[in-house]
Amino acid sequence: MSKAATVYDVAAHAGVSIATVSRVLRSPDAVRPATRERVREAVAALGYVPSGSARGLAERRTGVLGLYFPGFDAAEDAPALDVLSDQGAAAPPFTVVEGDAERGAAPGSMLFLDEVLRGAELEAWKQGFVLMVGVGRDDPDRSTVRDMAGRVDGLMVLASSVPDEVLARLARRIPVVVLSGPPRGDDYDHVTVSNAEAMGELTRHVLAQVGDGRVVFLAGPADSPDGEQRREGVVTAVAAFGRAVDDLTVLRGDFTRASGRHAGEELLRAGEPPAAVIAANDQMALGVMDVLRGAGVRVPDDVLVTGFDGIDAAALSVPPLTTIRQPMIELGRAAVQVLARRLEQPDAPPVVARLPLQILLRESSARSA
């Protein structure tokens, strides 16, 4: 490999000082057009790339934003892969699989987080930042997020993915934005949605369809702030409808389709299926529908099913799944926008950006008259 060009090489090639090269790269309007063009031609001819680390040292900035997610799946769930081995090189170009290949996939399809990540990547690029992503698999002491904090200008974390005491220590070093979950009167910026209100409205829709029929709520993990807000929305709506909250059956999953299937199997083993299943996210709702369909239970004629998130698979299911669409990409973009503003205005009051939800009434909750 040839030696990388330096700012000194560019200055010599263009016949200017290194200070002039720096001004052209950072504030081109401050340099005369002829000089600016000469420097740019030298940059192109030499293939010069400015040093981000050197610029960061001068500005005390890295130009990098961090996004930290909890690990919903374990690394050991992934099958072994060695593309450099002789066996891997000799592998056939494709295989044919009969049946549902998805059931063999690692659990915890992070479709919500995937969309949030897409939004954050897009906005980081637009704002001139690089995005660093950390996933906290098997990370009880949060060493991953601690390490990230030393490499980024600011950090975005999913609510409750980092213990409060760790988050407080990190926030003393860099700006922190909390994604999802309810603001708790802290000093962090928050980007969130109205989980309880939207889930309450959807629950009222379901109750109007099923009357006195038994309703099951398939909740998420107890440590999920979003999941608990959705549970609160369901419970409040049930009580307001004049029904006993104790009559509401609550099962728990982990936001994966596999846990939804497990819940569906548990419901069928218990006897007659309920009139409705309200799931805390789409993946679990789709898992329940998998099991009901396999057992010959019709949705929505026998059981109404609803979800939350608005992933693409919900619109493509049979029947299409009633759900609450989260602005997933917009959540990621908004978090970057809030973090970028915090970097420019470190002393501004904390921001709570609450993005709107959409309740999508589809066939899975439309009981025939």
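How do α1 and α3 lie relative to each other? They are oblique to each other, a class that holds the angles left over once those under 35 degrees count as roughly parallel, over 145 as roughly antiparallel and 65 to 115 as roughly perpendicular. Welcome to a short tour of a predicted model, in which local features need pLDDT of at least 70, side-chain atom pairs count only at pLDDT 80 or more, and totals for chains, interfaces and linings use all residues. Residues are numbered from 1 along each chain as its sequence is written, and side-chain values use heavy atoms, with hydrogens and water left out.

**The chain as a whole**

- The protein chain has 14 helices and 12 strands; these are DSSP runs numbered from the N terminus, with helices being H or I of at least four residues and strands E of at least two.
- Of the 369 residues in the protein chain, 45% are buried, where buried means under 20% relative accessible area, exposed over 50% and partly exposed in between, with a 1.4 Å probe and protein chains only.
- Among contacts in the protein chain with a separation of 6 or more, 73% link residues 24 or more positions apart; contact here means heavy atoms within 4.5 Å.

**Helix pairs**

- Two packed helices are described by the angle between their axes and the distance between the axes.
- Helix α1 (residues 7–14) and helix α3 (residues 33–46) have axes that come within 9 Å and cross at roughly 125°; axes are lines fitted to C-alpha atoms, for helices over the stretch in contact, and angles run from 0 to 180 degrees between N-to-C directions.
- On the α1 side the contact uses D9, V10, H13 and A14, and on the α3 side R38, V39, A42, V43, A45 and L46.
- Sorted by type, the residues of the α1 and α3 contact are 7 nonpolar, 1 polar and 2 charged; Ala, Val, Leu, Ile, Met, Phe, Trp, Tyr, Cys and Pro count as nonpolar, Asp, Glu, Lys and Arg as charged, and the others, Gly among them, as polar.
- The axes of helix α9 (residues 195–210) and helix α10 (residues 225–240) come within 7 Å and cross at roughly 40°, which makes α9 oblique to α10.
- α9 also has a right-handed crossing with α10.
- That contact brings together N195, A196, M199, G200, T203, R204 and L207 of α9 with D226, Q229, R230, G233, V234, A237 and V238 of α10, and its residues divide into 6 nonpolar, 5 polar and 3 charged.

**Nonpolar cores**

- The largest nonpolar core has 69 residues, and M156 and V191 have the most contacts inside it; such a core is a set of buried Ala, Val, Leu, Ile, Met, Phe, Trp, Tyr and Cys residues joined through side-chain atoms within 4.5 Å.
- Helix α14 (residues 328–344) gives this core its largest share, 9 residues.
- Beyond its neighbours within four places in sequence, M156 is in contact with L65, G66, L67, Y68, L131, V177, A335, V336 and L339.
- Another core, of 17 residues, lies apart from it and includes V145, M148, L167 and V176.

- A124 is found in helix α6 (residues 111–127) and is buried, with a relative accessible area of 0%.
- Setting aside neighbours within four places in sequence, A124 is in contact with F129, L131 and V336.
- The C-alpha atoms of A124 and Q337 are separated by 8.2 Å, although these residues are 213 residues apart along the chain.
- T306, in strand β9, counts as buried at 1% relative accessibility.
- Not counting residues up to four places away in sequence, T306 touches L202, V206, V277, I278, A279, A285, L321, T322 and S365.

**Backbone exceptions**

- Most residues other than glycine have a negative phi, and most peptide bonds are trans.
- The V299 to P300 peptide bond is cis, with omega near 10°, and P300 sits in the loop between α12 (282–294) and β9 (304–306).
- V318 and P319 are also joined by a cis peptide bond, with omega about -5°; P319 lies in the loop between α13 (312–316) and β10 (323–325).
- F255 is not a glycine, yet has a positive phi of about 75°; F255 is in the loop between β7 (249–252) and α11 (257–269) and counts as buried at 17% relative accessibility.
- D309, in the loop between β9 and α13, has a positive phi near 135° and is buried, with a relative accessible area of 6%.

Terms used: Left-handed = near helix turned anticlockwise from the far one by under 90°.
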